Every structure is written in C-alpha cells, then in structure tokens.
Amino acid sequence: MATPSGWRRDGNLPNELTSFVGRTRLLTTLRQRLREHRLVTVTGIGGVGKSRTALRIAHLMRGQFRDGVWFADLARLQDSGMVRHTITSALGIADQSSRSADETLVEWLGDREILLIIDTCEHLVDACAVLFEDLLSSARGLTILATSRQSLNARGEHTVTIPPLTVPGDSPGEDVFSNEAVQLFTARAGAVVPNFMLDEQNIGPVAELCRRLDGIPLAIELAAVRMRALSVEQILGLLADRFSLLAGASRTALPRHQTLRAAIGWSHELCEPAERLLWARLSVFAGDFELDAARYVCSGESLPAEDVMDLVASLVEKSILLSDGTPSGHRYRLIDTLRQYGEEWLEKLGETAAVRERHRDYYLQLATRSEDAWSGARQVYWYIRMRHEHDNIRVALDYCLRNPSEVQAGLKLLSSLWFMWVACGLAREGRLYLEKTLELTSQPTPERCKALWVLSYINSAQGNISGAVDAAEKCSSDAVRVGDSGAVILATKMLGTAAFLQGDLQKASALLGVAIEFHKSGRELNPGLLPSIVELSMVLLMQNDPAEAEVLLRDCIAVCTQRGELWLRSYAIYALASVHQAMGRAPESMANAREALRLKRNFHDVLGIGLAIEVVAKQALDDGQPVLAARLMGAGQANWRTFGMPQMNSPFFNAEHDRCVKECKRVLGEQAHEEAFAQGKKLNLEELIELALGDHESDDPLPQM
C-alpha cells in the first residue's frame, strides 16, 4: 500500500547515497551555528559539497527537532513566484484552499519545531530572502539551513562558507594517509575497484592528484571513477594535459572554478561522442527520470532510440548519472553541476529548443495516458508515478508558459492532470498554473473549455464556490461557441456541485441528474459519472431520502469495484457511512467510514479524509466516547484548516459539524472539551487516521461515558 507523501513527524530527508568523508570540524561548526542562529546559509563554489554537507548535518541533527527535518530543492525552479509553493509542497502540505500561500505556510508552521533545508537558492536569492525573513518572524520554532553559491543578504542570516577539502601539504606534519581529500579519493576509488588499496607506492600520485584538483569533492569523485580503466598515474597525466589545454582560457574565472570545469570537461572528453550527446540532451530533465523518458526525449539524429539504454548504463558507470529504485520503477538523475554543464553543451549544439519541445511532448503524452488509466485498476500506480514526475511536469508547463504558441498545449497538459490537482494533494499548484495559463488566451477552444471546468473542480474542492461557478459558466459559454458538448455537460456537473455545496438542493438534483444521464453509458467514470452519483446521493440524504441514496451508492461502489477504482470508491463508501448514520445503523456507519479512510491512505486526499473523520467523530460521540470525538474533531479541523476550508464552506456540512461540537461540549463541559480538542490539534494527518481507525497509541486513555 502506498503511503501519503504528506506530513510525517520525522521529516522527508533524502537518503545519503554515499559515505560522508572528513569535514569533522566543519560539521561541528555548522551544528553550533544552527544552535545559535535560526537562518544559516552554506555558501561555496559549485561541486564543493554544499548540498552533501547540508544533508549530512541534517541527518546528524534530525533528533534535535521535535517536528522533524525537512528538505526542499529549488535547483530547477525558475519562477520566483513559486518558491513558497515549492516549499509548501515539500512539507507535504496538500493545500486545497483558496487562501494565499503565505497564510497556509505560516499557519502550518505555527509552533512546530522544524529544521528546514532549502537547497540551491542562488538563482532565487531575492525571493528566498524575503520568504525566509517572513517565515522566521512568524514561526518561532523554525530554523532554516540554506545552500547557495552566494549569501542571501537576509536579516538575521549567518553564512558558513564550505571550503574545498584539505589537500596534502595544507597542514604541516599531517599524515598524508589521513588527509581528507586523499580519504575521499580512496573511498570512491574503492567503490569502483574493490581491491584498490592506498599504499606507499601510490600515495604520492594520489596526493598529487588531490592537490591538482584543489580538494574539490566533485572533481575528486569524477577522477576516482576513472580507476575502472586507468591507473592513478595515468589519470594524473591525462588531467595535467587537460589543465595545460585550459591554461589562459579564462583570466576572470576563479582558479578553483577553472579546476572544477577542467575536471568536468575532462570527464566529458573521456566519454564517447554518443555519451556526450546523451549527457547534453538529458540536461532538460528536472529531478529524476525513467529510461522510457530518456529514450523518447533524447533519441533522434545521431542517437538511435535502441542505443539509449546502453548509453544510460555507461553514464551511470562513469558516475555522470545517479540511479535509484523507486516504487514506480528505476529512475536516473544528473547531479546539478553536471546538468548545468550539459545544458551549456546542448545550447552550443543548437538543440535546446527542439529537445525541450520533445520533453514537453513526452510529459503531455504521459499526462494523457495517466488520465485515461486513472479510473482503472492501476490508480495507485499512477498516483505514485505522477508524484514522481512532478518536477518534470513543472518544467514542461514552464516551457508552455514561456512560449505563446504553446499555450494550448499547456492547457491540455494541465487539464489532463485534473486528478493530480484534485486527488493527489496539489490543488493550489494546479489552480495557480491554470489561472496563469488561462490569462494568456481568451480564444474559446476545446483545450480552454476543459481547463475551465478543471479550475471549477479545484475551486469547489477548496470551498471557493463563487470561483467554481464563475469558471463553470465560462466553460459552458465557450463550449457552446466551439460545439464541445462534453464540456457543456461537465460544466453542468460542476454547477450542480456548486449548488449542492450551497444547499440549493433542487437545482443540484437537476444538474447532477443531467450529468449522470449523459455519462450513464460508463464511457467516462471520472470526473463525470462517479462524482455526480456520490454528490447526488448526498443531495438525497439532505432531502431526507437515505434509502434512495443507499441504492445509488451501492451501484456506484459496484462499478468502482468492477473497474478497480479506489479514489472515488472511498468517497462512495464515506457517503454510505453518512447514509447509514442517518438511518441509525451505527456499526455499519463506523465500519464504512473507517474503510473509506483505509482506502484514502493510498492517496494524499486531505479533503476526503476530513469528510470521513467527521462521520467517525459523530459516531464516537453517539457510542459514548466524547473525548475521542473531540480529539478527532480537533485533529480534523487543524489539518483541514491548514489544507483547505473546513467542510468545504458548505452550510450543510458546517451545520452537522457544529451540532457535534455542541453536543461534545454539553457532555464533557467546556474545559474538558477544549483540552481534548487541543490534544487532537497536535496530531498530523497520518496520526489522525490512526486515531480514527483505533490504531493510535496515546499516553492518555480515552475515558468512556
């Protein structure tokens, strides 16, 4: 079972894929600075180990922050306006509200004690400085460790410069065998040549090589990879030749910057021509990518698709590419410094625009495939897969936004991923991209129509009913003009959803009925048929017809079960729990609400979890467990208020919630209720689900009434 990618008590630190060598004094200094200062920026040249050092200190200190250590990478982010959202997303905040990112992030941080690692800030210095100052002034338990090639010049910032590793001769009297740079080379060489040993015969050339490389970790690691085919003496000789070729090439570059570029350039020259071409083309990817993506995006002139797999394997062997296994398959990535080098070569080759377009095409096709498969048996796979592709989706969207001729493709990409925005915890990001892209064109097209009803869907999930109605009406108007009957029906469905949330039951029943009638052939389960059925069943419940609602829901669950659909099935089971609760069938109600929560663990569906928690809380109250009910409502409201508007701003759901709170207070008394409610507010989303399922461990017993 996949777990949500959201908030976890211990944070989201990436694993350390290699051993950490040396830097003992630096780590001690950093640890001390992080105790004394709330904003510490690690600076230094590319390849010197800023990110690796930050990750090491984060792992060393993770037990010292009550609410975990968190990591956000800004390396591929180009839009400074998305910095806050990127950090919000890294924290697992699947915000579905229409509030500003500032409110959400500040409220979520609250009084939590967190160390936040923000990696690669140099291209977004101003935006980062403003954001960090705002967050630190509002969240007293927050400490930020940033990495950047330059200082942020933020208020309260303390910088720590990461120097290259010490090389033989830096410290008089030092044992050369224990030198940091020598130890790093030995460790990495031993990883590629298991029988490599540092001894009296090779210590001299190794020491000289480390001196030539200025102790820059990335340069040393690239050199060590060559031990597969060359001796230390041969590596030293080839590198000396490389430096002689570069002598005088740049009078303005810092010597150590020249050293790093020399080391990367030397590794580049030792690659075969096809490997160099693939390296350049792979630079368009953000984060990691799969082999099929590399094959599609990078093949073409001078690089047959059938050769890509072997070339990728060769670049992994040369440590140009990193590889890692994930639940959705094996994935690869370029170290950021090597990616930048590849980008420069891609530009020199004159291929940047063409390869970026192929990158966009691949992810547009992937988005279409995922949409087509979403309502089937591999729904969890596509949830995990598209979360993995998040960074590359952003790059593809940015490409569309920067090119006026690509706006329609951008709208198609965005709207194909409706499930990612609505069901996978990325509602705010989807809304931001949709609004930004829709502003670029007012011409009615099928792509614009679809984007508008997706925007309406997101707004309704956020509780922004007026925004949902506005987008749906624009969709309907445009759809009539372009003759898109499918979009007209989906706009009708979204207007029915808005009416349902507003409590206009007659209008909701009519509009949702039209959507169900149109989709009853089952051609489009989501987002047409199944959501309409669940919402109409809730309308029937509000109209005091639970028996008819139950019939609808059982049919819906049967369709979901037959197709292997889980996401909407969980909503149908939640709605069935509400129906059984209204009918006085308490055991069935509790069992269904808990089953809905178990299914929702497959996704990061905060909205659906919040709805199901309300049913469990009310049932707990009816079962004589008011303390449990109060805790559940406290946790539910805290998470829901962070991630969206509680009860979707619906009069019906708000009234049900208020009745439960009022009864809890009557049974427990104001003070006892507030204490239990406050205890619940401390729970994160996963702990909330565990409490509702009866799995949560607590030092405080839940008294029965």
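Predicted model: local features only at pLDDT ≥ 70, side-chain atom pairs only at ≥ 80, totals over all residues.
Residues are numbered from 1 along each chain as its sequence is written, and side-chain values use heavy atoms, with hydrogens and water left out.

Histidine 268 sits in helix H10, residues 255-270. Helices (H or I, at least four residues) and strands (E, at least two) are DSSP runs, numbered from the N terminus. Is this histidine 268 buried or exposed? Histidine 268 is buried, because its relative accessible area is 4%; buried means under 20% relative accessible area, exposed over 50%, and partly exposed in between, with a 1.4 Å probe and protein chains only.

I turn now to the whole protein. The protein has 33 helices and eight strands, and its C-alpha trace spans about 90 × 60 × 45 Å along the principal axes. A compact globule of 705 residues would have a radius of gyration near 27 Å, and the 28 Å of the protein agrees with this. That radius is taken over C-alpha atoms, and the globule rule is 2.2 Å times the number of residues to the power 0.38. Of contacts between residues at least 6 apart in sequence, 74% join residues at least 24 apart.

Next, the interior. Buried residues make up 58% of the 705 residues. The largest nonpolar core has 219 residues, and Leu282 and Trp374 are among those with the most contacts inside it. Such a core is a set of buried Ala, Val, Leu, Ile, Met, Phe, Trp, Tyr and Cys residues joined through side-chain atoms within 4.5 Å. A second, separate core of 21 residues includes Leu30, Leu34, Val40 and Ile162.

Finally, I would compare two loop residues. Threonine 120 lies between strand E3 (114-119) and helix H5 (125-138), and its phi is near 70 degrees, a positive value in a residue other than glycine. Asparagine 153 lies in the loop between strand E4 (142-148) and strand E5 (157-161), with a positive phi near 55 degrees. Which term, buried or exposed, describes asparagine 153? Asparagine 153 is exposed, because its relative accessible area is 65%, whereas threonine 120, at 10%, is buried.

Note on methods. Contact = heavy atoms within 4.5 Å.
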